[in-house]
Amino acid sequence: MTVILDNPATVPAPYGDRFAHVARFDLPGGALLVLSGQVGVDDAGAVVAPGDVRAQSERIFELIGGLLAAHGATFADVMHVRTFLTDLGDLAGYGAVRSRYFAGAKPASTTVEVSRLFLDGAVLEVEVTAAVTRS
């Protein structure tokens, strides 16, 4: 098994350059991708639309899509989604955006409410695990 820790150029560098965006485990027949939690930040690392769950959700899924694509994956390859919301009252807004990215079979999912996230104004963080098969 080969492990690659990666920060693809398709998305902004991780906050403070403290972690890898993707841990890729190359296995016979494919790869397992474990993505770090993503928050809605612009290319300079500033929170987009502080407090706006829909705008941040859009940006988060844009970032996740870029990370997946950099490793030959799509949202159809996502097996599990973990979501951290600062207010479960925002679940419907987040869900409306998320549902557009998972039109087919729905991945396994965990959603929890947390008291806060590491960036002021960020209202959710999303991490995914995906499996990519070699063709």
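This is a predicted model: local features need pLDDT of at least 70, side-chain atom pairs count only at pLDDT 80 or more; totals for chains, interfaces and linings use all residues.
Local features need pLDDT of at least 70 and side-chain atom pairs count only at pLDDT 80 or more, while totals for chains, interfaces and linings use all residues. Residues are numbered from 1 along each chain as its sequence is written, and side-chain values use heavy atoms, with hydrogens and water left out.

Helices (H or I, at least four residues) and strands (E, at least two) are DSSP runs numbered from the N terminus. The 18 residues of α1 should span 26 Å at 1.5 Å a residue, and its end C-alpha atoms are 26 Å apart, so the two agree. The expected span is 1.5 Å times one less than the number of residues. Asp52 caps the N-terminal end of α1, and just after the helix Gly72 has a positive phi.

| Feature at α1 | Value |
|---|---|
| Asp52 side-chain oxygen to Arg54 backbone nitrogen | 3.1 Å |
| Gly72 phi | about 75° |

Buried residues (under 20% relative accessible area, 1.4 Å probe, protein chains only) of α1 include Ile60, Ile64 and Leu68. Among the elements covering the buried residues of α1 are β2 (22-27), β3 and β6.

A nonpolar core is a set of buried Ala, Val, Leu, Ile, Met, Phe, Trp, Tyr and Cys residues joined through side-chain atoms within 4.5 Å. The largest has 25 residues, of which Ile64, Leu68 and Val126 touch the most other members. To this core α1 gives the most, 7 residues.

Contact means heavy atoms within 4.5 Å. Glu127 lies in strand β6; beyond four places in sequence, its contacts include Leu35, His80 and Arg82.

Definitions and conventions:
Buried means under 20% relative accessible area, exposed over 50%, partly exposed in between (1.4 Å probe, protein chains only). A polar contact is a pair of N or O atoms within 3.5 Å; within protein, one must be able to donate a hydrogen and the other to accept it, and residues adjacent in sequence count only if both atoms are side-chain atoms.
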